Amino acid sequence: MYCDGLHRHLDEYDFVGNMGPNFIKDLRELGKRYGKRFARVVKKVFKIPKDENNEINVGVETSAPMHIHEYYTAVSVERVLQYLAID
């Protein structure tokens, strides 16, 4: 149910990353797959280290919780919480 039933269609995706300790490696792979311009944006947004041998995620604070009000209404937050409860 979460993410509109994403788990039901996961096998149809071209790329599935894992936000674990090797997330930097997944982001680099994703950037290479979709071209230099996309790779530059990914590196900038996620502050990926220039050292190509560094594949361990050191963490990047995106302040996402501060932006919730920009993306969600009270109704959509309620729906997300319902989906989380089901999932």
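Predicted model: local features only at pLDDT ≥ 70, side-chain atom pairs only at ≥ 80, totals over all residues.
Residues are numbered from 1 along each chain as its sequence is written, and side-chain values use heavy atoms, with hydrogens and water left out.

## Overall architecture

The chain contains five helices and zero strands, and its elements run α-α-α-α-α from the N terminus on. Helices (H or I, at least four residues) and strands (E, at least two) are DSSP runs, numbered from the N terminus. Of the 87 residues in the chain, 15% are buried. Buried means under 20% relative accessible area, exposed over 50%, and partly exposed in between, with a 1.4 Å probe and protein chains only.

## The largest pocket

The largest pocket has a volume of about 160 Å³. Its lining is formed by Leu-27, Arg-28, Gly-31, Lys-32, Gly-35, Lys-36, Ala-39, Arg-40, Lys-43, Ile-48 and Glu-52. Helix H2 (23-33) and helix H3 (36-46) are the elements that give two or more residues to this lining. By class, the lining has six charged, three nonpolar and two polar residues. Here Ala, Val, Leu, Ile, Met, Phe, Trp, Tyr, Cys and Pro count as nonpolar, Asp, Glu, Lys and Arg as charged, and the others, Gly among them, as polar.

A pocket is an open set of points on a 1 Å grid over the protein atoms alone, where a 1.4 Å probe fits, with protein on both sides within 12 Å along at least five of seven lines; lining residues have an atom within 4 Å of a point. Grid points are joined across faces, edges and corners, and the volume is the space filled by probe spheres set on the points.

Glu-52, one of the lining residues, is found in the loop between H3 and helix H4 (68-71). Lys-47 has a positive phi of about 50° although it is not a glycine. Arg-33, by contrast, has its place in helix H2.

Glu-52 is partly exposed because its relative accessible area is 43%, and Arg-33 is partly exposed at 41%. Asn-53 counts as exposed at 70% relative accessibility, and Lys-47 counts as exposed at 58%.

The table lists C-alpha to C-alpha separations for these residues.

| Residue pair | Separation in sequence | C-alpha distance |
|---|---|---|
| Glu-52 and Arg-28 | 24 residues | 8.9 Å |
| Asn-53 and Lys-25 | 28 residues | 9.3 Å |
| Lys-47 and Ile-24 | 23 residues | 9.5 Å |
| Arg-33 and Asp-14 | 19 residues | 10.0 Å |

## The nonpolar surface patch

Tyr-71, Tyr-72, Val-77, Leu-81 and Leu-84 make a nonpolar surface patch of about 510 Å². Helix H5 (residues 74-86) gives the most to this patch, with three residues. Val-77 is placed in helix H5 and counts as partly exposed because its relative accessibility is 31%.

Patches are made of residues with over 30% relative accessible area and no salt bridge, and nonpolar side chains (Val, Leu, Ile, Met, Phe, Trp, Tyr) are joined within 5 Å, like charges within 9 Å. A salt bridge is a side-chain nitrogen of Lys or Arg within 4 Å of a carboxyl oxygen of Asp or Glu. Accessible areas come from the Shrake-Rupley method with a 1.4 Å probe, and for residues only the protein chains shown count as cover.
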